[in-house]
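Let's take a walk through a protein together, one step at a time. Have the sequence and the 3D view open as you read.

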Amino acid sequence: MSRGGRLALAFGLILTTFAAPCCSAATLRVGFYKGKCGLVDVESVVATVVASRFARDRSIVAALLRMQFHDCFVNGCDASILLDGSSSEKTAGPNLSVRGYDLIDAVKAAVEAICPGVVSCADIIVMATRDAVALAKGGRYGVQTGRLDGKISLAQNVNLPGPSITVSQAASAFAQKGLTISDMVVLLGGHTVGIAHCSLFQDRLYNFNGLGKPDPTMDPKLVAALRPRCPQSAALDSTVNLDQNLSSSLVVDNSFYKQILARRGILQIDQELALDGRSKSLVATLANATDFSARFGRAMVKLGALQNRLPGEIRRSCRALDKRR
């Protein structure tokens, strides 16, 4: 598996030019499903299923955040990542460790049972992610709905960068999607609940840039603490929290920014956010912000608005194209 394939909450580039949004502001809107399933509140059904899973597994928050990022950064937020197939997006190296598909299936089954053929899988990803963030104390933001499910899912369209991407490269990737560097810094705050395998940052502990020494931008105390967890010759590729504040590693908050200001960033891109002139002032602001939840919610809504001009459908199963043609 590629380095990028093991990175929790990795952000991605695309192989082809990203299409401009297909939909006007009126197409995606908050409350799209109101009245479309009788008296049933679709968003409440989604929230109930997500809450049940969260009660058993709080790490589902990071899984869903990662799923939404990986979906939206290829062909827009069209649930193409959910399609099964020998060469679908699911089979691309960076997506082999994506999880949460079973939860999306469970939500889809619940809404189909009461309102068949109405709610898209693409909207389910976005609603479920929002609900998970809220359960993790990240605040509840209103999500736009009304997406269609994509009909194209190709592994060759997935090209997610590894953890050593520079701020400049990351900013360029986000700009291609119409997202600003401020959006990027806020969205990378999703790493507050993420994890990373040791192999993704081991060079920072032992041989940064091939010099045989640790990365000088990492707190030496953190280097010493991580080495037992990530020995050079380990047979097992262990994981560590991207937010090294253990009391909030499963909470969607601004602790991540405080950690990288203290030179306790795990991934090189995370640490660079606190050092690069284009992003460090915003990092400092977010580290002391009382409105991080609101900022994060707005950025997630903007991410969720990424669309394409390709025709879509409402799948009966999130894993397969609809056969009703």
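**A guided tour**

Let's begin with Arg278, which counts as partly exposed because its relative accessibility is 48%. Keep in mind as you look that this is a predicted model. The side chain of Arg278 meets that of Asp276 in a salt bridge, with 2.8 Å from N to O. Asp276 itself is buried, since its relative accessible area is 15% and buried means under 20%. Is Gly277 buried or exposed? Gly277 is exposed, because its relative accessible area is 59% and the cut-off for exposed is over 50%. Gly277 also shows how a chain can fold back on itself: Val167 is 110 residues away along the chain, yet the C-alpha atoms of the two are separated by 9.5 Å.

Now for charged pairs elsewhere. Side chains of opposite charge can pair when their charged atoms come close. How many salt bridges does a search of the whole structure find? The search finds 17. One of them joins Glu112 to Lys108, with the closest N and O atoms 3.0 Å apart. Both residues belong to helix α3 (residues 101-114), where they are four residues apart, or about one turn of the helix. Glu112 and Lys108 are both buried. Another salt bridge links the side chains of Arg53 and Asp57, at 3.8 Å from N to O, and these two residues are buried as well. Salt bridges can also join up into a network, as they do for Glu43, Arg130, Asp131 and Arg140.

Two packed helices are described by the angle between their axes and the distance between the axes. Helix α1 (residues 42-56) packs against α3 at an angle of about 145°, and their axes are 10 Å apart. The crossing of α1 past α3 is right-handed. On the α1 side, the residues that meet α3 are Val42, Val45, Val46, Val49, Val50 and Arg53. Their counterparts in α3 are Asp102, Leu103, Ala106, Val107, Ala110, Val111 and Ile114. Sorted by type, the residues of this contact of α1 with α3 are 11 nonpolar, no polar and two charged.

Next, turn to helix α2 (residues 60-75) and helix α4 (residues 121-135), which pack at an angle of about 145° with their axes 9 Å apart. Here α2 passes α4 in a left-handed crossing. From α2, the contact uses Val61, Leu64, Leu65, Met67, Gln68 and Asp71, while α4 brings Ile125, Val126, Ala128, Thr129, Ala132 and Val133. In this contact of α2 with α4, nine residues are nonpolar, two are polar and one is charged.

All those nonpolar residues bring us to the interior. In soluble globular proteins, nonpolar side chains tend to be buried together. The largest nonpolar core in this model has 88 residues, and Leu82 and Phe201 are those with the most contacts inside it. Which helix gives the most to this core? That is α2, with 10 residues. Apart from this core lies another, of five residues, among them Ala92, Ala155, Val158 and Leu160. Leaving aside neighbours within four places in sequence, Leu82 is in contact with residues including Met67, Tyr101, Ile104 and Ile125. You have already come across Met67 and Ile125, in the contact between α2 and α4.

Asp219 lies in the loop between α7 (202-206) and α8 (220-226), and Asp219 counts as buried because its relative accessibility is 17%. Beyond its neighbours within four places in sequence, Asp219 is in contact with Ala262, Arg263 and Arg264. Arg264 is also one of the contacts of Gln259, a residue of helix α9 (residues 255-261). Gln259 counts as buried, with its relative accessibility at 12%. The last stop is Ala299, in helix α12 (residues 292-304). Ala299 is buried, since its relative accessible area is 5%. With neighbours within four places in sequence left aside, Ala299 is in contact with Asp183, Val186 and Leu187. Ile165, by comparison, is 134 residues from Ala299 in sequence and 21 Å from it in space, C-alpha to C-alpha.

Technical notes. Residues numbered from 1 in each chain as written. Predicted model: local features only at pLDDT ≥ 70, side-chain atom pairs only at ≥ 80, totals over all residues. Heavy atoms only, no water. Salt bridge = Lys/Arg side-chain N within 4 Å of Asp/Glu carboxyl O. Buried < 20%, exposed > 50% of the residue type's maximum accessible area, 1.4 Å probe, protein only. Helix = DSSP H or I, 4+ residues; strand = E, 2+ residues; numbered from the N terminus. Axes fitted to C-alpha atoms, helices over the stretch in contact; angles between N-to-C directions. Left-handed = near helix turned anticlockwise from the far one by under 90°. Contact = heavy atoms within 4.5 Å. Nonpolar A, V, L, I, M, F, W, Y, C, P; charged D, E, K, R; others polar. Core = buried A, V, L, I, M, F, W, Y, C linked by side-chain atoms within 4.5 Å.
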